[in-house]
Amino acid sequence: MSLPQWRADYPRPQFVRSGWLNLNGTWEFEFDDEDAGEREGWYLAPKGLSRSIQVPFCFQSPLSGIGTNEFHDIVWYRRRVELPPEFAGKRALLHFGAVDYSAKVWVNGQLAAVHEGGHTPFWADVTGLLRAGGLPNDIVVRARDYSRDVRLPRGKQYWLEQPASVFYSRTTGIWQTVWMEPVAETRIDHVRFTPDIDANEIRIQTAVSGHEAVQGRLKLKLSVSLEGCPVAEDTLEIREAVTARRIWLTDYNDMGKGRWWTPENPVLYDIELTLWADDMLLDRVYSYFGMRKISVEDGRVCLNNRPYYMKLVLDQGYYPDGILTPPDGEAVRRDAELAKAMGFNGVRKHQKIEDPRYAYWCDRTGLLLWGEMPNAYAYSEDYVHRMTREWQEVLERDYNHPCIAVWVPLNESWGVPGIAVDQAQQHHALAMYHLTKCLDPIRLVVSNDGWEHVKSDICTIHDYASNGETLGTRYGSLACVKARPCNRPVYAPGYSYNGEPILVSEFGGIRYSPDAAGGWGYSEADSEEQFLRRYMELTHSLLQAPALQGYCYTQLTDVQQEKNGLLTEDRRPKAPLESIRKINQGLTP
C-alpha cells in the first residue's frame, strides 16, 4: 500500500483522499453592523464586497490583512471558484473547518448549509447548486458572532474589546480551512477505529453513503500495514449504511518495545479503505490508527495496562499574528515538537478545540493530549443546548486519534458558576461526564477540571502556590483532596473523593519576560537562572509528592498579556530546551 505524501496544509489528516481543492486565500469581505445583508440579498452576489480578507484568518488577526479588535458581529465572505477537471462527473463537497459562531452558506445564490458552533467542522453536498458547463461558482458566507454573550461556548475569547487578565482577543467568522473535494455518489463517509489491546484487535466501523444506488456487489476492502509491510487484509460486503468488523493483528508487546502506541514509541498502523462495485473502484481513503489503552486501575492512571505518570504542559493554542489560527501547517507541527523536546509526554490543550492537524502531530510525535471544550461563563438552558450539541461534534471529529487520553468538558466551573449551590448546574456537569463516556467509553473524563468536581475519572486540582515546600507538603498525602488551594473545594457539595488518581493539572505560571516589560504571571523570575531554579523547585516538589500521578505546567507559550510561558509568543525558548527537559526528568540542569 502506497500512502500519499503528507501535506502540511491538508485539513483532515485522519481521513485522506487524494483529490481536494484548497479555498484558503483572498476572499471578498464586508462588515454588516446593521444586519442588512440578508435583507438586501448579498448572498445573490450581485456585486462584490468592498473589502478583502485572507482566509482562514479572522478579521481580528494581523494575518487577515485587517487586524482590529472592534466589535463587528456579522461578517460576510464571497469567493468565485472555478472547479478543476477532476470534479467533472463527481459529487462536490464543500467543507468548513470552523466558523465562529454561526454560519450560513450560499452557492450561486442558493442556501447550501447552516451551522451553529464556533469550533467544529461542517460540510454540504453542493453538486446540485453548481453552474453547468464549467462556469465559475459564487460561494457566499454570512458568519455571526455573539461577542458579548457570556452564555456562549467561547473559551478565552474576551467579551470586552481589549484582552485583559486571562482573556484574549476574539475570533469572529472563518478561522480554519475552507476546501472542496470531489467524491463518488457512493462513497465512504466515516470510519471509526476502536483499539482493544487485550484482545489484540482493532474494531473498524464504517459508514457508506449511497449504497442503495449501486447495482451489483458492493465491497469494502481494508488493508492494514505497518511501516510499509502488510499486516492484515479483509473484505466485507456492504448491505447497510453502517458496517463493523474486528481485525486480529499479528502483534506483540515485547516489554514496551512492541507495536502498542505510547509517547515513547508512537507506533501507528496505516490503513487503506477502498470501496468497490464489482470490479469498479468507487472510493479510496487513507487513514491510520494506534493500538493503545488508557484506564484507571487501583487508583492509578495506566497506559496499556501499566502505571503511567503524566508530565503535561498547558497549551492555549494562540499565535501572535493569527490568534487561534496557526500561520501555516509547519507551525502546528513545531508546537508539538517543542513540547516533546522539553520532556513533556503530553499536552493539555486549554479552552480550545484545536486544528485537527495538531492531534495528527501528537499522534506522530508521541504526545498524550487532553481535549477540552471552550466553555461559556454563565449558565442558562440555551447554553446547555449549545454546549451539548457542539461537544458531541468534537467527540465525533477526534475519536480516532490515539493521542487523546482525557476529555475535559468543563474547566474551573466556567459555564456552571453556581455549581456549589445549584443542583441543575451539578446535573449538567454530571450529564456532560456521562454523555462523554457514552459516546467515547475508551477514554478518561474529567467533569470539571481544577475544582468542584462531580464525578470524574481523575481528581484534578489547580494550585498556583509559589514555592515548592508548600506544594510538597500539600501533596504529601491523600489529604490534599480536602485542601482549597484556589479557595475552592476540590469536590462540589454532595460529591467526594473515591480513590481516583490525583493530578495537579495547573501549576507554575512563572512570569519571566527577558525581551519585554509588562504582562503578568502567578509568580516572578528576573533572570534565566532564577527562572530555571523556580521551575525546578516547583516541578520537583510535585514529582516527589507521594499523592500525585502527574502534573500540568502553565504554560507552553506567552499569550498576549500573559508572560508566563516556557516560550515567547513567537515560540523562542526562554531557557535551553534541554534544561527544561532535565528538570522534567527529575534531574538538575
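The lining of the largest cavity divides into eight nonpolar, one polar and seven charged residues; Ala, Val, Leu, Ile, Met, Phe, Trp, Tyr, Cys and Pro count as nonpolar, Asp, Glu, Lys and Arg as charged, and the others, Gly among them, as polar. This is a predicted model, where local features need pLDDT of at least 70, side-chain atom pairs count only at pLDDT 80 or more, and totals for chains, interfaces and linings use all residues. Residues are numbered from 1 along each chain as its sequence is written, and side-chain values use heavy atoms, leaving out hydrogens and water.

**Cavities**
- A cavity is a set of points on a 1 Å grid over the protein atoms alone where a 1.4 Å probe fits but cannot get out, and lining residues have an atom within 4 Å of a point.
- The largest cavity has a volume of about 110 Å³, volume being the space filled by probe spheres set on the points, which are joined across faces, edges and corners.
- Of its 16 lining residues, Glu 354, Leu 369, Gly 371, Arg 397 and Asp 398 are the closest to its centre.
- Strand E25 (368-372) gives the largest share of that lining, four residues; strands (E, at least two residues) and helices (H or I, at least four) are DSSP runs, numbered from the N terminus.

**Largest pocket**
- A pocket is an open set of grid points with protein on both sides within 12 Å along at least five of seven lines.
- The largest one has a volume of about 800 Å³.
- Its lining has 34 residues, with Arg 12, Pro 121, Trp 123, His 190 and Arg 397 nearest the centre.
- Strand E13 (187-196) gives the most to this lining, with six residues.
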